[in-house]
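Please look over the notes below with the model open beside you. They take up a few places, one at a time.

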Amino acid sequence: MIKACIFDLDGTLADTLESMAVAANDALEAAGYPALPVDNYKYYAGDGAKTLVERALKDAAAACHKDVQMAMTKDFDRIYGMYSDRFREDCTYKVTVYEGILVMLLELRHRGIKTAVLSNKPHERVLDVIGKLFGEGWFDHVLGQQETVPKKPNPAGALITAKALGVSPDECMYFGDTNVDMQTGNAAGMDTVGVLWGFRTRAELEENQAHHIAAHPQDIVALVDMKNNGMCIDTPVRLIVSDVDGTLVKSGHKYLEDGMIDTINALADKGIVFAVASGRQCQSITELFEGVKKPIYMICENGGNICYDGRDLDFHGFSEKQYRQIVRAVKAYCPDAFFAMAAPDYYYTEKNDTDFADTLAKKYFFRVKCVDNIELLQQPVCKIAVYTKTDVWTFARHFRQMWPDSMEIAVSGDRWIDFNPLGVNKGSGVRRLQALLGITASETMVFGDNENDVPMMGCAKFSCAVSNALPAAKRAAHFETGSVLNELKKVLAQSGS
């Protein structure tokens, strides 16, 4: 439940770019340095006034071939003083509130949502700006840079603000336009939203793990409504597809929650197809869903294998050449990585990985066989799953750069990276199933939590990420939920008796 929204100021609530640029450039020119392009200040801003002036002075000194270190020592204090004086004289010089912000704030207030401002701008200047641009009553709390509070991206200010509002961090959404803002919100444990009307790019916001992206202030209201109300099921649903690990089976658990099997059976009685899209193998999914009355469609191995009632409907394997290429490259990059090779009937690991194989069998119900050398496996393989103790995102980025257009590479867990043949993913599996059943995207609902779920989010009108989902899954989904089971019960209620 979202009870409060915390906003960055510069580039989020107010367009201060020209204001900062003019003030800094006037100070630079007065000290004998050239003025800098206004767009430069999009990247100077975000870390406080002193850092902005420091960045501008370094670039200005370099532009006129002056010694940068000497310029910082000799002229920084003077330039920073002139910059600060400008804003003490007129804190809203060339500053405007972004279009749509006031309406958005009013709608949040109407919903009972508390609002606050958190900025790296000096506290007194923040109070001045808010007072002159907005007046009293628009925000429940305002906090700028103070000596006693570390600057963003340290989460201290965000946590202080949440406490002042009387809410917990997980009841807050944090909005900003820079990498610093995304780092701040995430470090504070808040839902973090990047706004596109500010100073930085979508790519920067996504790379810094924005949970959501807002293109217009009105999107903020829609996000809060979605967070607080879950899915609005306004048209009939005929197909429901869900990921398993992290979505239906919570972290640290082995089994479905109570009531899930009964609900799936009730959906089948209504003629609604329930399917699974998972990185798991068919055998594992079959055991997990023991008790389901009717066979379920299984999009296994991230789409590499589609099964129904004991039959393979689709299997997409690597060529022998590409298979060996991946194995050799992974072993060279990460010698202590573990492999799980998805063949039609078994997962194959190496014999020196017996503890790993045992874990696969006990935790995920996988059928596992061990071989001497995984590189020489004489079996068709539709997915190469790699377990690594290194950072999964660094691992995935390395191989995406190596093979940008020749295969699918997705993070599928805290320690898992999956390789699938090009064009084979959960999205392709869902589309194949929709074609087989004659069901459209507007009649489809999907649930997921991880990067490998992203391709199927675009295959359904009702795409939903669970609350613990990774940012990439949340950005791709139309909705979010704290309980898949509750959403399935909504579908049952919507379908009537």
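1. M341 stands opposite Y348 in strand 15. Strand 15 covers residues 347-350 and pairs with strand 14 in the antiparallel sense, over two bridges. Two strands count as paired if DSSP finds at least two bridges between them. Between strand 14 and strand 15 sit four residues, and the two strands form a hairpin. Helices (H or I, at least four residues) and strands (E, at least two) are DSSP runs, numbered from the N terminus.

2. A word on the basis. This is a predicted model, in which local features need pLDDT of at least 70 and side-chain atom pairs count only at pLDDT 80 or more, while totals for chains, interfaces and linings use all residues. Residues are numbered from 1 along each chain as its sequence is written, and side-chain values use heavy atoms, with hydrogens and water left out.

3. Strand 14 has another partner to check. Strand 17 (residues 383-387) runs antiparallel to strand 14, and five bridges join them. A340 has A385 as its bridge partner in strand 17. Is strand 14 mostly covered or mostly open? Strand 14 (residues 338-342) is mostly covered, with four of its five residues buried. Buried means under 20% relative accessible area, exposed over 50%, partly exposed in between (1.4 Å probe, protein chains only).

4. Now helix 1. Helix 1 (residues 17-30) has 14 residues and reaches 20 Å from its first C-alpha to its last, close to the 20 Å expected. The expected span is 1.5 Å times one less than the number of residues. G32 follows helix 1 and has a positive phi, near 90°.

5. Why is helix 1 described as largely enclosed by the rest of the structure? Because ten of its 14 residues are buried. Among them are L17, M20, A24 and L28. The cover over the buried residues of helix 1 includes strand 2 (14-15), helix 2 (41-44), helix 3 (49-63) and helix 4 (68-89).

6. Finally, D453. D453 lies in the loop between strand 20 (444-448) and helix 17 (454-457). D453 has 0% relative accessibility, so it counts as buried. Its side chain makes a polar contact with the side chain of K426, at 2.5 Å. A polar contact is a pair of N or O atoms within 3.5 Å; within protein, one must be able to donate a hydrogen and the other to accept it, and residues adjacent in sequence count only if both atoms are side-chain atoms. A polar atom of the D453 side chain also lies 2.9 Å from the backbone nitrogen of N450. Leaving aside neighbours within four places in sequence, D453 is in contact (heavy atoms within 4.5 Å) with D243, K426 and G448.
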